[in-house]
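This report walks through one protein model, from its pockets to its surface. Keep the structure open while you read.

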Amino acid sequence: MKTHSSLQKRRVAVSNGDALVRPRSHRRGFALIVTLTLMILLTILAVGLLTLSSVSLRASGQADAVQVARANARMSLMLAIGDLQKQMGPDPRISVPADQRTAAADGGKSSAAVGRSYWTGVYRAWPSTVTTRPAPEFLSWLVSGQSANVSNVATVDTAPSVADDIELVGTGTVGQTDLARVSAPAL
């Protein structure tokens, strides 16, 4: 047990500047260091959370854009399938690639222009009871565009111009030649 006199000696030692004063001053400095360290850690945590929230905002914005793009692609696909069913739906229809059109009756070189040789045309078939083959009746090209261009059989023979057509597959995309360029009439 401590007595009253030992407490007085300790107080005297503290006031005289003995070795007992030093541990107390170390404790005060330690509290300052701990406080500063905690403030730095809280600042780093706040900056990290701010960065995380900005990254998640960007990711959610990008996810929205991807969702809109997928919805647009799905709608375009449904429209294209609907048009294909409208044009090719009935049985007496024939589809023919544009590069099989020839200028000469002997089956010479294709009359389709570069960039339009990959188009597919729809023709009405003739009845099986016909003894001589009639001239094929052209219906439409299976491309998007104005109905005047799409329903004209000669559209495929004219070379596409940059102002009138939309390039679907560019030069060098699938090969090194200009034959790889595919375009469609602009709307």
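## The largest pocket

Helix H2 (21-88), strand S3 (137-141) and helix H3 (147-150) each contribute at least two residues to the lining of the largest pocket. H2 contributes the most, with 6 residues. Helices (H or I, at least four residues) and strands (E, at least two) are DSSP runs, numbered from the N terminus. The model is predicted: local features need pLDDT of at least 70, side-chain atom pairs count only at pLDDT 80 or more, and totals for chains, interfaces and linings use all residues. Residues are numbered from 1 along each chain as its sequence is written, and side-chain values use heavy atoms, with hydrogens and water left out.

The largest pocket holds about 330 Å³ of space. Its lining has 17 residues, and the closest to the pocket centre are Asp83, Trp141, Val143, Ser144 and Val150. By type, the lining divides into 9 nonpolar, 6 polar and 2 charged residues. Here Ala, Val, Leu, Ile, Met, Phe, Trp, Tyr, Cys and Pro count as nonpolar, Asp, Glu, Lys and Arg as charged, and the others, Gly among them, as polar.

## How pockets are found

Rolling a probe the size of a water molecule over the atoms shows where empty space is left. The search uses a 1 Å grid over the protein atoms alone. A pocket is an open set of points where a 1.4 Å probe fits, with protein on both sides within 12 Å along at least five of seven lines. Lining residues have an atom within 4 Å of a point. Grid points are joined across faces, edges and corners, and a volume is the space filled by probe spheres set on the points.

## The second largest pocket

The second largest pocket holds about 260 Å³ of space. Its lining is made of Ile94, Val96, Gln100, Arg101, Tyr123, Trp126, Arg133, Pro136 and Val153. These divide into 6 nonpolar, 1 polar and 2 charged residues.

## Salt bridges

Side chains of opposite charge can pair when their charged atoms come close. How many salt bridges does a search of the whole structure find? There are 2. A salt bridge needs a side-chain nitrogen of Lys or Arg within 4 Å of a carboxyl oxygen of Asp or Glu.

Asp83 pairs with Lys86, with 3.8 Å between the closest N and O atoms. Both residues lie in helix H2, 3 residues apart, about one turn of the helix. Asp83 counts as partly exposed because its relative accessibility is 28%. Lys86 is exposed, at 56%. The classes are buried (under 20% relative accessible area), exposed (over 50%) and partly exposed (in between), with a 1.4 Å probe and protein chains only.

Glu137 pairs with Arg124, and here the closest N and O atoms are 2.7 Å apart. This pair links distant parts of the chain: Glu137 sits in strand S3 and Arg124 in strand S2 (residues 120-124), 13 residues apart. Glu137 is partly exposed at 41% relative accessibility. Arg124 is partly exposed at 32%.

## Surface and interior

Phe30, Val34, Leu38 and Leu41 make a nonpolar surface patch of about 390 Å². Patch residues have over 30% relative accessible area and no salt bridge; nonpolar side chains (Val, Leu, Ile, Met, Phe, Trp, Tyr) are joined within 5 Å, like charges within 9 Å. Areas come from the Shrake-Rupley method with a 1.4 Å probe; for residues, only the protein chains shown count as cover. Phe30 is in helix H2. Phe30 counts as exposed because its relative accessibility is 56%.

Is Ala98 buried or exposed? Ala98 is buried, with a relative accessible area of 0%. Ala98 lies in the loop between strand S1 (93-97) and S2. Its C-alpha atom is 8.3 Å from that of Ser111, 13 residues apart along the chain. Leu84, in helix H2, is partly exposed at 40% relative accessibility. The C-alpha atoms of Leu84 and Val143 are 9.6 Å apart, with the two residues 59 residues apart along the chain.

## The whole chain

The protein chain has 3 helices and 5 strands. From the N terminus, its elements run α-α-β-β-β-α-β-β. Of its 187 residues, 17% are buried.
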